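Let's take a walk through this model together, going from one chain to its neighbours. Have the sequence and the 3D view open as you read.

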Amino acid sequence: MAIDYLMPKLAMAMNEGTVNEWLAAEGDYVEQGQLLATVETEKVSYDVESPDAGYLHIVVPAGETVDCDTLLAQFAADEDELQQLQNGAVSPALAAPDVGSVQSPAPKTAAMTVAPGQGRVKASPLARKMAAAAGLELALLVGTGPGGRIVKRDILAAQQSAATAPAAVGDQVLARLPLQGMRKTIATRMTQSLRETAQLSSSWESDIDDLMALRQSFVVREEQLGTRVSFNAFLIKAVVYAIRRVPIANSCLVDDEIVIYDNVNMGIAVSIPGSTAYDSGLMVVVLHNVDRMGVVEIDREMKALIDRVRSGNATAEDLSGSTFTLSSTAGIAPPGLKTTPVLNQPNTALLGPSTPVQRPVVKDGEVLVRTLLPLSFTFDHRILDGEPAARWMSALHECLENPGLMLA
Amino acid sequence: MALTREQMVALYRNLVRADQYNRMMYRRMMQGKLIGFYHPAEGAIAPGVGACTFLNQDDNLSPHHRGHGITHMLSKGIDIKYYLAEHTGKETGCCKGRSAFHFSFPEHKVYMMSGFIGYNFAPVVGWGFAAKRRKQGQVVMNCSGDGSYGQGRAHEAMLMAQNWKLPVIFFCENNGMSIFSTAAEMHPMEDISSLALGFGMPSRIVDGQDVFAIAEASLEAIARARAGEGPTFIEAKTLRFNEHDIGTPDLAGWEERSEEDHAKMREREPMKIATERVLGDGILSQDEIEVMEREVAAEVEAAEAFADASEIARPSVEELLDAVFAPQEI
Amino acid sequence: MRTITLIEAIREAYQEELRRDEDVFLVGQDIRGAIFPHTKGLVEEFGPERIVDTPIAESGMYGVAFGAAQEGMRPVCDFMFGGFSYVTFSECSVTTGQYHFLHGSQQPLPLVITAGVGTGQRLANDHAMSIHGTFAHHPGIKVAMPSTPYDAKGMFKAAIRDNNPVVIPWHMGIMMLKGEVPDVDEDYVVPLGVADVKREGSDVTVLANSLQLQHALKVADKLEGELSVEVIDPRSFVPFDMETLLRSLEKTNRLVVVDEDWESGGFAATVSARVMEQGFDLLDAPVIRVTLPNMPVPGGYMEEYVAPNPERIEAAIRAVCA
């Protein structure tokens with residue numbers, strides 16, 4: 001079996017070498033130790049002694065420069081083999097051992113050491129930023145990144161128009177608005193709410209003349225209090241009173257668990273401009289821990305919150321975490337409007353006050369003209385039954401008509 | 001202290017082995033069959049043999065990197081095939097193929113080799129310290145070249161060894177060269193051993209081409225150390241026939257070492273000197289020498305066969321990471 | 001333009017700077033005889049007073065450079081192998097880094113530290129370890145490494161002309177890499193602190209240097225048509241050109257950092273933290289680092305798959321684009 005002789009790598013600066021001269025001839029029988037060739041590297045010239053014995057078959061002629069580990073010559077065991085080599089027999093495998101068989105370590109992707117908590121969506125920082133700018137709800141998107149992470153391409157896909165032209169009902173179309181972005185989000189959430197819950201609405205009216213008089217005493221002290229306290233601030237205070245009487249109204253259904261909260265984060269539905277003159281937008285901003293605030297603070301914080309939202313500086317907290325929702329049409333709807341507002345999931349309950357109306361009512365046996373606030377209350381019957389719902393409504397009603405109870 | 005016939009035969013045999021092993025390493029390097037560098041020991045084989053042949057198993061040894069410590073280690077009774085396997089990246093190597101050519105044989109008290117010249121001077125102090133505490137007569141044979149004594153740590157080691165009378169032998173193999181730099185140009189003192197004077201350490205200068213002279217001096221120093229008398233500095237004036245390492249030119253300063261220099265050096269060929277002596281003194285016959293040479297050749301062949309037949313070490317990264325720290329047994 | 005190797009480019013930089021400024025000198029061990037080719041022929045031209053060999057005494061040798069720099073000379077101290085600088089580490093890192101700052105910014109310290117580093121020769125830890133990460137950690141020291149002959153010549157010149165201590169090792173694996181440099185009469189400098197986009201792309205940014213840069217370019221070529229890979233050479237670790245990297249991330253949103261240094265506490269970790277801090281919203285995936293695992297660099301054949309290599313770089317690119 002022929003022995004290979006390769007160009008050795010003799011120094012770090014050596015990538016190639018040159019056989020200046022072969023000191024034995026093709027076909028010669030060479031002894032081990034006999035001078036074989038003069039090899040020149042980048043720095044040094046060597047008279048090389050033959051490492052093996054055999055019949056010499058020269059592969060690389062003198063004067064040629066070759067890379068290290070190139071086959072220079074072979075030693076044949078006998079003349080037959082020499083003949084074979086000279087006739088171009090394939091030489092045995094040479095060169096450095098194959099390292100390919102060992103697995104290179106797989107790269108460690110930055111593992112999330114904290115599993116996302118309830119409600120936390122896996123999304124890249126870039127995707128979050130893009131979603132926020134586009135008004136997309138991350139919770140509603142499907143992530144195609146590793147581990148279901150939402151990445152840029154998912155945001156781009158969600159933004160893409162998939163509008164199919166609606167079947168024309170009228171001849172002349174005023175506008176076409178693709179169902180995308182915020183509109184699509186709202187559409188999806190509304191249907192989801194109606195589909196997944198057992199919600200129903202009840203309406204009544206509460207006499208708010210006394211409450212309005214109370215409010216007036218705050219309004220005349222606007223400068224002192226630093227704010228012109230709104231009616232809604234008092235309404236929120238009354239809602240808190242009612243929640244304290246029937247705590248289960250301040251809850252969320254999460255998976256198979258009704259989580260009843262101690263603090264009250266008031267979701268407030270806010271109308272925002274749509275993308276065109278025809279449509280509108282809607283978002284729920286959240287005022288946290290209203291149960292710990294007085295009406296002045298509620299009013300101030302609510303105004304600051306809405307300000308932040310309208311100027312694009314809303315924080316994540318401003319837009320999430322509601323335990324109860326308030327959705328008012330007061331001042332916009334016709335007086336006395338009764339409504340059936342859709343629940344803001346995952347909240348159990350939502351209060352929908354509307355425009356106050358003047359009516360004749362019987363009070364202490366007399367017929368008086370009083371200001372009545374129409375209130376519609378939507379609740380999820382999976383969690384809140386009719387009896388506790390009625391008790392909640394009564395508690396609110398009582399507090400509105402006897403505003404002193406807000407001090408309780 | 002005159003050597004006995006047995007001692008001389010043992011030394012001669014180790015010298016034949018050192019010579020053949022060195023030639024084997026040189027050849028393999030030229031064939032591309034070694035990993036890393038090789039610093040050839042032609043002309044420099046006597047010191048390792050002379051210094052180490054009479055060490056015990058439990059004596060510490062730090063071999064010189066000249067000849068990759070082979071002449072030292074085989075003289076201490078280490079089976080070089082495991083080092084050759086290591087030097088060819090095989091899993092049967094003394095360091096599981098991980099070290100390239102940095103040997104370690106802890107059971108023979110040869111703990112390590114490192115690429116930093118003068119690395120030995122720090123640990124030898126510790127070995128001497130441990131040996132002194134144990135009071136079992138162990139000695140530390142610390143072999144390194146003239147260049148290594150440029151290191152500050154060499155002076156710290158001599159200071160502390162002499163001060164504490166540690167059983168450390170400072171064995172300096174002075175071949176007058178460090179890669180290209182000559183000792184004549186780099187060191188102001190003619191003899192490296194004169195440094196020992198400053199520390200109050202006794203010293204001797206011996207002919208580094210004469211394995212028997214080296215052995216005599218070494219035996220004396222070993223006896224002193226075993227008896228608790230402290231360190232000795234032995235300077236073996238030796239020669240480096242080849243370049244510093246294969247692939248590097250053979251320069252002194254920045255000019256080629258001349259033909260005359262080489263011819264002059266080769267007049268003091270250690271194998272020749274030792275052979276003349278054993279023949280002349282009737283210690284060994286030519287026939288006996290030839291038998292010895294054949295036996296050693298077979299040994300070298302077996303070592304090569306072992307290394308070449310072994311598998312290349314390719315443990316997974318996980319296995320290697322697991323091996324970074326020693327296991328904890330509490 | 002001419003084609004020369006990286007090590008020749010360094011030699012040209014030395015030669016030109018030695019000619020240009022009397023105060024420049026080299027100090028090392030066996031550099032007159034040119035243990036590595038970049039000092040070949042220099043002692044013949046400039047004499048042993050300017051191409052200085054010392055005994056094997058690293059503290060003394062570095063002391064020559066340090067003291068001379070304080071006295072207004074401009075030394076280049078060559079440790080031969082990067083790891084050997086650790087024999088005199090306190091001088092190189094602490095004393096050197098703090099000199100200008102701690103003493104009231106009164107005096108510059110114009111010295112250069114260089115040595116060969118890097119895997120690929122199977123020599124094991126002592127000879128293969130990298131030093132740029134450790135020196136980058138010590139404030140007051142500039143750290144850079146060239147990846148091409150053009151950069152090597154320009155950066156070594158910049159380092160020598162810089163009034164600050166500059167650690168500029170060169171990778172032995174690309175010692176013989178050929179590349180184009182301007183003709184001999186053209187004096188050019190590659191400024192420190194400026195990264196270089198070596199290859200443009202749009203899907204992912206790969207930050208890599210020296211041998212690993214060449215690996216990254218190879219992988220980028222291989223992936224052409226499938227993924228568009230932008231390859232950036234930092235060139236300098238201190239100061240580091242964050243702007244170029246951020247601009248690239250604005251385009252690609254994905255980053256792979258390749259660093260031939262240990263995973264723990266190296267330059268790759270520093271860049272990743274900075275990108276997270278300064279470019280959080282640009283990231284569409286976590287930054288992936290391809291580094292040496294936390295073990296001493298083994299010798300033998302293990303080095304090939306333990307060290308960063310084209311396969312690992314490709315796997316990282318695919319993972320970050322998933």
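How many helices and strands are there in chain B? Chain B has 13 helices and nine strands. Please keep in mind that this is a predicted model. Along its principal axes, the C-alpha trace of chain B spans about 50 × 50 × 45 Å. The radius of gyration of chain B is 20 Å, close to the 20 Å given by the globule rule for 330 residues, so chain B is as compact as a globular protein of that length.

Now zoom in on a pair of helices within chain B. Helix H1 of chain B covers residues 5-30, and helix H9 of chain B covers residues 211-226. The two pack with their axes 10 Å apart, at an angle of about 120°. Angles of 65 to 115 degrees would count as roughly perpendicular and those over 145 as roughly antiparallel, and H1(B) and H9(B) are therefore oblique to each other. The crossing in which H1(B) passes H9(B) is right-handed. On the H1(B) side, the contact is made by B:Gln7, B:Met8, B:Leu11 and B:Leu15, while H9(B) brings in B:Val211, B:Phe212 and B:Ala215. Sorted by class, this contact has six nonpolar residues, one polar residue and no charged ones.

Next, look at where chain B meets chain C. Here 28 residues of chain C are in contact with 35 residues of chain B. The side of chain C that touches chain B has 16 nonpolar, seven polar and five charged residues.

Finally, turn to chain A, which is divided into domain 1 (3-86), domain 2 (125-157) and domain 3 (199-407). Between the C-alpha centres of domain 1 and domain 2 of chain A lie 64 Å.

How values were computed: Residues are numbered from 1 along each chain as its sequence is written. Chains are lettered from A and ligands numbered from 1 in the order in which they are written. This is a predicted model: local features need pLDDT of at least 70, side-chain atom pairs count only at pLDDT 80 or more; totals for chains, interfaces and linings use all residues. Domain bounds come from an automatic or database domain assignment. Axes are lines fitted to C-alpha atoms, for helices over the stretch in contact, and angles run from 0 to 180 degrees between N-to-C directions. Helices (H or I, at least four residues) and strands (E, at least two) are DSSP runs, numbered from the N terminus. Angles under 35 degrees count as roughly parallel, over 145 as roughly antiparallel, 65 to 115 as roughly perpendicular and the rest as oblique. A crossing is left-handed if the near helix is turned anticlockwise from the far one by less than a right angle, and right-handed if clockwise. Two residues are in contact if their C-beta atoms, placed from the backbone, lie within 7 Å. Ala, Val, Leu, Ile, Met, Phe, Trp, Tyr, Cys and Pro count as nonpolar, Asp, Glu, Lys and Arg as charged, and the others, Gly among them, as polar. The radius of gyration is taken over C-alpha atoms; the globule rule is 2.2 Å times the number of residues to the power 0.38.
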